[in-house]
Amino acid sequence: MLQQKMEIVKDPRIREIHIPYEAATKLRNAFASLRLDDDKSFIKTKTWFGSTVRYCLPEHQINIIQDFKESDESCALIIRGLPIDSDLGATPYNGYIAPSKTPLASGCHIGIYQLAGIEPISFQTENQGLLFRHVVPNPKARTEKSSHGSTHTFGHHVDNPDLPLACERLTDKSGCPEFLSLMAMRSDLSVRSNFVLVDDLLTGLSAGVIDELLKPNFKISRPDSFGQAISTVLPILVMDDYGTAYCRFDKENVTPLTESAAAALLMFEARLNDESLKHYLVYQPGDLLLIKNQRILHSREGFQPRDDGADRWLIRLFGMSSLDRIVTVYDDRKYIGKD
Ligand SMILES: [Fe+2]
């Protein structure tokens, strides 16, 4: 019998697994008769999603998914070949579609989070509080540098960067998402995404530059997906007690407020342009990228949509290691955080 090679290890900080055909078929069958309508019902069913994913996947892959959250080393997990719904309908160009229309992909997505011990969350004023954000080339946002844009390159960023990082104290706002995933429903093979590990960026910077990035001398504007003109003065970089670096850089939303902050930012961005640090990814349908949002900067190159109903379509989900980092807004939907 052939020895199955279920993981490709290029860099131990970036794990990559391929779901075997048999496991994907089991998942498809298990989720075939799902009748759930809204976010709340998907959240209510998360324990079952998690145990079903655990039942269907090989043990080696279960262990990799379960270890991801607590591992100091792992920053990204690429899961390829998850089953997705066969009758998708056209790419939802306006950015909204009920999770009941994509029950298999939504169930797999929540199930992977549950297996990883990650709480799916959303924010009150971002993406209308909805759990899943559809990353699509919205015709009305064509030139925006956002998840609904397309023409321009969407620069490197951490999502929701003005919210408190994992090692910062919460105030009246929920924490910045610790985890972020993107699951591909439709691909465009000409569109490359890439990400850069924060640790790799810092390795090439001087202590003086890092010191500047640690100072609260940067204006961080709230991203377009919130639809709010709010900005906060914060550092770009924060270190926890163990020396782990958390970052809130966002190419489109950071303004330095002093000359030395501007100089440090210039050095940081020059480092970000180093091709050797970039990990490129072209999504195929059924691929899911799960990252530690504050330990990685991600980006997408510009592209021209065809507007033919079959354009690139990813589904984004945010996660937190615990709902303790969420300032709850609604008693019946504790996964929605105040922002
Ligand atoms: Fe993003």
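## Basis

The model is predicted: local features need pLDDT of at least 70, side-chain atom pairs count only at pLDDT 80 or more, and totals for chains, interfaces and linings use all residues. Residues are numbered from 1 along each chain as its sequence is written, and side-chain values use heavy atoms, leaving out hydrogens and water.

## Iron site

Three residues supply the protein donors of the iron ion: His 157 (NE2), Asp 159 (OD) and His 298 (NE2). They lie 2.1 to 2.2 Å from the ion. Donors here are N, O and S atoms within 2.8 Å of the metal (3.2 Å for Na, K and Ca); water is not among the atoms, so sites may look incomplete. Along the chain the donor spacing is H-x1-D-x138-H.

Asp 159 sits in the loop between β6 (154-157) and β7 (179-186), and His 298 in strand β16 (residues 296-300), so this pair ties together parts 139 residues apart in sequence. Strands are DSSP runs (E, at least two residues), and helices are runs of H or I with at least four; both are numbered from the N terminus. Asp 159 and His 298 are buried. Buried means under 20% relative accessible area, exposed over 50%, and partly exposed in between (1.4 Å probe, protein chains only).

## Helices α1 and α3

Helix α1 (residues 21-30) packs on helix α3 (residues 46-56) at an angle of about 150°, with the axes 9 Å apart. α1 is therefore roughly antiparallel to α3. Angles over 145 degrees count as roughly antiparallel, under 35 as roughly parallel, 65 to 115 as roughly perpendicular, and the rest as oblique. Axes are lines fitted to C-alpha atoms over the stretch in contact, and angles run from 0 to 180 degrees between N-to-C directions.

From α1, the contact uses Ala 23, Lys 26, Leu 27 and Ala 30. From α3 come Trp 48, Thr 52, Val 53, Tyr 55 and Cys 56. Contact means heavy atoms within 4.5 Å.

## Ala 105

Ala 105 lies in helix α5 (residues 103-116). Its relative accessibility is 1%, so Ala 105 counts as buried. Ala 105 touches Pro 83, Ile 84, Asp 85, Met 183 and Met 185, leaving aside residues up to four places away in sequence.

## Positive phi

Gln 128 is not a glycine, yet has a positive phi of about 55°. Gln 128 is in the loop between β4 (119-123) and β5 (133-135) and is exposed, at 58% relative accessible area.

Asn 160 also has a positive phi, near 50°, in a residue other than glycine. Asn 160 lies in the loop between β6 and β7. Asn 160 is buried, at 2% relative accessible area.
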